[in-house]
Amino acid sequence: METKISSSIEEAAEFLNRSQLVAIPTETVYGLAANALDKAAVVEIFNAKQRPSFDPLIVHIGNKSDVALYARQIPANAQKLMDAFWPGPLTVVLPKQEIIPDEVTSGLDTVGIRMPDHPFTLQLLQQLNFPLAAPSANPFGYISPTTPQHVFAQLQNKIPMILDGGPCEVGVESTIVGFEGEVPVVYRLGGLTLEDIRNVCGEIKVEVNSSSDPKAPGMLNSHYAPQKPLYLLKDIASDFSFDNSVAIIVFGDYEVKGNEQVFNLSTNADYKEAAANLFSFLRMLDTDESINKIYAFLLPEFDLGLAINDRLKRAAYKI
Ligand code: TXA
Ligand code: MG
């Protein structure tokens with residue numbers, strides 16, 4: 001099957017209406033979408049990604065009020081968060097309505113729902129008669145795609161179309177939030193910061209490291225990983241020297257130590273810029289033949305630094 005890259009929302013809708021898969025742009029990363037209410041189409045997503053069936057998908061909607069069609073119970077704090085941050089990089093995990101198939105939720109009684117903030121995908125969702133189930137459009141465990149070309153590099157000939165909405169503005173996935181009563185519980189750090197959530201809800205819990213907990217099956221320790229080894233750095237001795245087969249990912253000020261190739265996520269130490277660059281840098285370094293090893297400094301644990309560090313740690317986990 002030939003994969004076309006096109007900006008036609010009409011064409012994307014045609015494929016989706018025929019139960020086929022389309023890669024869609026969002027503000028976070030590209031998603032691999034299908035009709036969330038069509039079991040067979042949802043199973044195709046798992047096949048194309050080689051994703052294990054225990055890892056549930058997020059359901060994307062085009063209107064805030066649609067959440068009630070797919071969630072049977074909405075805590076007041078969930079409503080406040082949706083009102084404050086949708087469309088945007090927030091996924092809420094809520095008790096599901098019958099209509100959501102078990103194939104989407106991996107048999108869980110809850111469903112992750114989000115309204116993405118990308119004009120093409122919002123238009124697309126608003127004209128379809130169903131929501132879209134969409135994981136990130138990468139083979140399972142690899143770096144998430146933030147451009148149509150990233151998607152094409154790995155899913156060409158497996159899907160009929162990539163809806164071209166340009167590069168993703170946020171660059172890391174949505175923040176996933178469930179609820180214990182009214183208390184928000186963050187299962188995945190992402191494009192919405194903890195400060196943002198605290199400002200709206202006050203007290204929150206953060207449970208992001210429970211890789212064997214079925215509540216968050218996607219939070220596997222090794223994820224977002226390049227094929228080349230990636231090592232995390234705390235500091236480098238002043239007399240240390242790298243050779244030019246080494247790439248080093250830095251943030252803000254950095255003093256060159258030898259012949260290393262330096263990739264600065266943001267020379268001005270801007271967290272948003274760093275998040276938007278992260279996955280592109282990792283992909284570029286993974287395909288650059290002159291580089292054998294990737295080193296990365298963790299960022300300060302503030303703002304989007306938390307989500308960026310989470311991705312870097314999982315990318316480095318295999319080592
Ligand atoms: O930004 C994003 O969220 C992107 C774009 C495409 O929307 N999507 C994305 O999907 O990152 P994916 O499949 O790569 O990650 C979805 C994760 C799962 O791995 C799981 O951790 C969590 O969402 N999830 C989904 N449904 C859940 C549920 N019912 N309970 C707990 N976690 C859930
Ligand atoms: Mg993913």
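A residue counts as partly exposed when its relative accessible area lies between the buried limit, under 20%, and the exposed limit, over 50%. At 38% relative accessibility, K4 therefore falls in the partly exposed class. The model on screen is predicted.

Start by selecting K4 together with E11. These two residues form a salt bridge, with 2.4 Å between the closest N and O atoms. E11 is also partly exposed, because its relative accessible area is 21%. The pair is one of ten salt bridges in the structure.

Next, select D310 and R311. Their side chains meet in a salt bridge at 2.7 Å, N to O. Is this pair buried or exposed? R311 is buried, at 1% relative accessibility, and D310 is buried as well, at 7%.

D310 forms a salt bridge with R314, and the closest N and O atoms are 2.8 Å apart. Show helix α10, residues 305-316: D310 and R314 lie four residues apart in this helix, so about one helical turn separates them. R314 counts as buried, with 4% relative accessibility.

Which residues does the network of salt bridges link? Its members are E173, D310, R311 and R314. As background, side chains of opposite charge can pair when their charged atoms come close.

Finish with the cysteines C168 and C201. C168 is buried, with a relative accessible area of 6%; C201 is buried too, at 14%. There is no disulfide to display: a search of the whole structure finds zero.

Note on methods: Residues numbered from 1 in each chain as written. Chains lettered and ligands numbered in written order. Predicted model: local features only at pLDDT ≥ 70, side-chain atom pairs only at ≥ 80, totals over all residues. Heavy atoms only, no water. Disulfide = S-S within 2.5 Å. Buried < 20%, exposed > 50% of the residue type's maximum accessible area, 1.4 Å probe, protein only. Salt bridge = Lys/Arg side-chain N within 4 Å of Asp/Glu carboxyl O. Helix = DSSP H or I, 4+ residues; strand = E, 2+ residues; numbered from the N terminus.
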